[in-house]
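Thanks, everyone. I'll take the ligand site, then a pocket.

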Amino acid sequence: MGRPRKIRPEQDLTDIKRDPIQTLSGMKDVLPEDQKYWDFVVRKIHNLCQCYGFKRIDTPILEESSLFERGTGKYTDIVEKEMYILKDKSGQTIALRPEATPGIARAYIEHGMKNRSQPVKLYWIGPMFRHSRPQKGRLREFHQFNFEAIGSKSPGQDAEIILLSWNIYKGLGIKNLSIQINSIGCLDCRAKYIATLKDYYKGNKTKLCSDCKRRLEKNPLRLLDCKEEKCARLANKAPQIIDTLCENCHDHFKSVLEFLDELNLPYILNPRLVRGLDYYTRTVFEIWPEEEKAQASLGGGGRYDRLVEELGGDPTPAVGFAGGIERIISKIKEQKITVPEKEKPHIFLAQLGELAKKKAMKLFEELLKGGIPIGASFGKDSMKSQLKLADRMGISYTLIIGQKEALEETVIIRDMETGNQEIVSGDKIIQEIQKRLKSFK
Ligand code: AMP
């Protein structure tokens, strides 16, 4: 930070050079040149989620912070270290959502969705906020897509969620991915496993990082996915939860894997995969780029059979997935995947004079409503500069409305290649354009 500047009493404040304000650390603008990636990814997510029968839901960015404490878990990194918490003017403690599932489960309960046909399949796309240390692939504001099937305990439902997530990445053309999968059992078998795990670590406590020493008391499963080398070495030799699963959890997991085998999905059994959140039960999985480690995971999900009940609803089994959009876009760029350009308009609308501008704006609206992509620049007044812009955009036909045309309710159609112009009556213009656009289809 620079030294504070002294302001002389006679000095006009506007004389002082203002320091430019920048985005907050870990937050990013999405510039026009990057929008095509976002359109490509988001369109794929919408299309596939709808194909699989998921309906879109949007939930607020701000929620009561207790929703995440009860849902995600008080001793998870997300809630303990990363949640943006603030007090609003009424003194209520609220949080910028750090993840979507608790909000979706809250909405399921709040809107009585248990009375709808089960499972209720919902999908969601939006921004997320976590105050972690910004680094490659880790932002403080990032975007996720989620899909959740609430109200089914069937292993087939787990498989459908895994299949849909896989198909989204594959559909975008991303290569070299793997599905990492594990089961963390139900409350009963997990309690037994945690006791075994604590036993194993008892003699090794001094070899753990300071976070893991704390986790051993509060959230021992997280010892298994610590990225510190010394902890990872210990975790690799730790007893595996799969050996402690009760019969029901074992059968459920076996059945999920049979579905994946049948679907030819390339999964890898990963006994160290636990996912960081309290609400998971049984199946947990992540999608990883093969050449990288868990830090670069593109998405993850699993079953959460206790969350709805935990938030005050009836016991309701559920399974879901969350993927990060920024990481997908990095992969698309890294793997040089061709992304379709936005459909370019073939028509441009130019105007000259006040009355013509008004008429042109109205026509512009009508054409857009009629689904005809069209360009215009109502901020430019000179015909020359508008035609120059149309030329740069590679436009095929420019519609011109000047003072005379505005009064006579006509439009000039100019063929940009030949320079030929034709006058058309205003009420025939849409028909005329559609006729010309047919040649581009
Ligand atoms: P999580 O909710 O932590 O399981 O994250 C699901 C996915 O969201 C991850 O696999 C990432 O693709 C993405 N993600 C999570 N945290 C961040 C972050 N801080 N910055 C960017 N993407 C993230």
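Which backbone atom lies 3.0 Å from an oxygen atom of the ligand? It is a backbone N or O atom of L298. Keep in mind that this is a predicted model.

R275 uses its side chain, with a polar atom 2.8 Å from a ligand oxygen.

Now the cover. Taken alone, the ligand exposes 480 Å². The protein buries 91% of that.

Who surrounds the ligand? There are 13 residues around it, and R130, L139, R275, S297 and L298 come nearest. By type, the shell divides into four nonpolar, five polar and four charged residues. Two elements give two or more residues to that shell: β6, residues 141-150, and β11, residues 318-324.

Next, the second largest pocket. About 310 Å³ of space lies in it. The lining of this pocket has 15 residues. Closest to the centre are K359, L363, E366, E409 and G426.

Which elements give two or more residues to this lining? They are α12 (354-369), α14 (403-408), β15 (410-415) and α15 (429-437). Of these, α12 gives the most, with five residues.

The lining of the second largest pocket divides into six nonpolar, two polar and seven charged residues.

Notes. Residues numbered from 1 in each chain as written. Predicted model: local features only at pLDDT ≥ 70, side-chain atom pairs only at ≥ 80, totals over all residues. Heavy atoms only, no water. Near = heavy atom within 4 Å. Polar contact = N/O pair within 3.5 Å; in protein donor to acceptor, adjacent residues only side chain to side chain. Areas by Shrake-Rupley, 256 points an atom, 1.4 Å probe, with all protein chains shown as cover. Helix = DSSP H or I, 4+ residues; strand = E, 2+ residues; numbered from the N terminus. Nonpolar A, V, L, I, M, F, W, Y, C, P; charged D, E, K, R; others polar. 1 Å grid on protein atoms, 1.4 Å probe; cavity = no way out; pocket = protein on both sides within 12 Å on 5 of 7 lines; lining within 4 Å. Points joined across faces, edges and corners; volume = space filled by probe spheres on them.
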